[in-house]
Amino acid sequence: MLKLVSTLTRDEYPFAQLEEFAGNGEALEVAWPGLERARPRPGRHLWERFAEFLPFERMDARASLGEGNTPLVEAGPRLAAFSGLERLWLKNETQNPTGSFKDRGSLTCVFMARERGEPTLATVSTGNMGHSIAAYAARAGLRALVFVPEFAPREKLLPMTLHGATVIKVRAPDYALMKQTVLGLAGEFNLRIVSGNGPIRVEGYKLTAFELYEQTRGELPDYIAVPTSACGHLRGLFKGFRELQAAGLIRRCPRMIVVQAANNSPIVSALKQGAEHVIPFANFHTVAEAITSGNPMGGDEIIAKARAHGWLAEDVTEAEILEAQRQLAAAGWFVEPAAATTLGAVRKLRAAGRIAAGESVLLMLTGAGLKDLGVLEHQPFAVRESSLDALRRDLARWFSDSSGR
Ligand SMILES: *Cc1c(COP(=O)(O)O)cnc(C)c1O
C-alpha cells in the first residue's frame, strides 16, 4: 500500500491525497512496505529494470521522449587541474530531450497524470521545468499550463509555446511569493500543480541514482555535487541511493554536495551558519537563474540530512559561476550557469581541504548552455571579421600572431 510520508516528522498521509507538500510545510515522499525487497530485473528501459522501486502501476513507453541514459564521463586533465581533483567525473544531463534533468521527473508526472486520469500538467517554473512539462504533455496528448516569472529567459519560453503549452507570465516582486500565490489558487481551479520538489518528480529523479548504479557497476563516487534550488533533484538522487542501500545493492551512499549561488543561498548559508532552518533570500539576482528558489519549501529536511550524513555545502559568487562556465566550455561542455556552479564549488572545497585530492567527485551538469543565451553577454565574445578580398592578408597576419587563433 502506497503512502506519503512527511520527510522530517514522518507523519503519514494517504497516497490518494497526492499533495506537493505536507500540511506542516515539509516535503512529502512516497513510501511503501517491502521496498527493501525490491530488485532490479531485466528490461529495455531503466524504469522497467527498476520497476519494483517505483510506485507506478502502468508505465507506458509512449510517454517517453528518450530521457536518461546520459553520458557519465571523466572530466579530463584541464578540469582536474582547475579543480585540484584527480578523479573528477561529469554526468551530462544536458543530453536529455529538452536539455535538462527535469525530463526524468516529467516522465513520472505523465505516468501519474495518466493513472489519475488528469487532462492537464500544470507547473510553476523559471524555465526548464516548464519547457520539459510542455514537451512531455505534447508527447502524451495532455494539456500543459506553465506559470513563469518575468525573468524566465526567452530560450526557455519559446519552446514551451511551440510545444503548445499555455504560458502565463506573472508579474510579482519575487519568485517565492509568486509560486506561493499560484499554489494557493490551484485548488480553486481544480489544478494539481507540480513543483520541482513534489513526491512524484522525486521518483523520476531517483532514476538517475539507479542509472549511476548501473553505469558505475555499483562503484559510486565519494561525492556528488548538485546545484540546488527547490531541492527535488538532490532529494531524488539521495532517495534512490538510500533505496539501493536498503535493498542491499550498495554498501554506502555517496555524500552529496549542496551547491548554491552566493546571491541566493538559503540552504548553504544555513549549513555554514549552523542554523536548523532555511534562511530565506529575496530580491536577489543571479546569472544562475535555474536555481532561484529563495525559500525552498521542505528545505529544512535537506539541512537535517546534510548534518546527519556528513554532506558538504558551498556557494559560489557570480564571477566564480561565469569562470566555471568558461572552464567547462574550454573543456568541451557548454552548460547554463546553474549547471556550472558545481565546478566552482568543488574547487573551493578542495582548496579548503574539505575534499581530499584523491577522492572521486561527480558533478551533475544539469542544464544545457543554449538554454540561456542572454547570460553570454557576460562572457567574452571574440569573432574576427574579414572579407573575401582581405582574407589572405588577414589570415597571414593572424597566423603570424603568437596567439595563433
Ligand atoms: C531545476 C534546475 C536545478 C535545480 O534543481 P532543484 O530540483 O530545483 O533543486 C539546477 N540546475 C538546472 C539547470 C535546473 O533546471
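This passage describes the overall form of one protein chain and then several of its residues and elements.

The structure is a predicted model, in which local features need pLDDT of at least 70 and side-chain atom pairs count only at pLDDT 80 or more, while totals for chains, interfaces and linings use all residues. Residues are numbered from 1 along each chain as its sequence is written, and side-chain values use heavy atoms, with hydrogens and water left out.

The chain contains 13 helices and 13 strands; here helices (H or I, at least four residues) and strands (E, at least two) are DSSP runs, numbered from the N terminus. Its radius of gyration is 21 Å, close to the 22 Å that the globule rule gives for 405 residues, so the chain is as compact as a globular protein of that length. The radius is taken over C-alpha atoms, and the globule rule is 2.2 Å times the number of residues to the power 0.38. Along the principal axes, the C-alpha atoms fill a box of roughly 75 × 45 × 45 Å.

Of the 405 residues in the chain, 56% are buried. Buried means under 20% relative accessible area, exposed means over 50%, and partly exposed lies in between (1.4 Å probe, protein chains only). The accessible surface of the chain comes to about 17,600 Å², and carbon and sulfur atoms account for 51% of this surface. Accessible areas come from the Shrake-Rupley method with a 1.4 Å probe; for residues, only the protein chains shown count as cover. Among the contacts in the chain with a separation of 6 or more, 69% are between residues 24 or more positions apart, where contact means heavy atoms within 4.5 Å. The chain carries 47 positive and 45 negative charges, whose mean positions are 3 Å apart. In this count Lys and Arg are positive and Asp and Glu negative, whereas His and the chain ends are not counted; the place of a charge is taken as NZ of Lys, CZ of Arg, CG of Asp or CD of Glu.

Positive phi angles are considered next. Arginine 10, in the loop between strand 1 (3–6) and strand 2 (12–14), has a positive phi of about 65 degrees although it is not a glycine. This arginine 10 is partly exposed, with a relative accessible area of 45%. Asparagine 190, likewise not a glycine, has a positive phi of about 55 degrees. The loop that holds asparagine 190 runs between helix 6 (175–186) and strand 9 (193–194), and the residue is exposed at 72% relative accessibility. A positive phi, near 65 degrees, is also found at glycine 310, which follows helix 10.

Helix 10 itself spans residues 299–309, and its buried residues are Gly299, Glu301, Ile302, Ile303, Lys305 and Ala306. These buried residues pack against helix 8 (232–246), strand 11 (255–261) and helix 9 (266–273). Leucine 312 belongs to strand 12 (residues 312–316) and is buried, with a relative accessible area of 4%. Leaving aside residues up to four places away in sequence, leucine 312 touches Tyr223, Met256, Ile257, Val258, Leu349, Arg354 and Ile355. Arginine 326 is 14 residues from leucine 312 in sequence, and their C-alpha atoms are 24 Å apart.

Threonine 216 is buried, at 15% relative accessibility, and its side chain reaches the backbone oxygen of leucine 212 at 2.7 Å. Lysine 206 lies in helix 7 and is buried, with a relative accessible area of 0%. When residues up to four places away in sequence are not counted, lysine 206 touches Trp32, Phe53, Leu54, Gly236, Lys239, Gly240 and Glu243. Lysine 206 and lysine 239 are 33 residues apart in sequence, with 6.3 Å between their C-alpha atoms. The side chains of lysine 206 and glutamate 243 make a polar contact at 2.7 Å. A polar contact is a pair of N or O atoms within 3.5 Å; within protein, one must be able to donate a hydrogen and the other to accept it, and residues adjacent in sequence count only if both atoms are side-chain atoms.

Arginine 78 is placed in helix 2 (residues 77–83) and is partly exposed, at 43% relative accessibility. Apart from residues up to four places away in sequence, arginine 78 touches Gln327, Ala330 and Ala331. Arginine 78 and alanine 186 are 108 residues apart in sequence and 48 Å apart in space, C-alpha to C-alpha.
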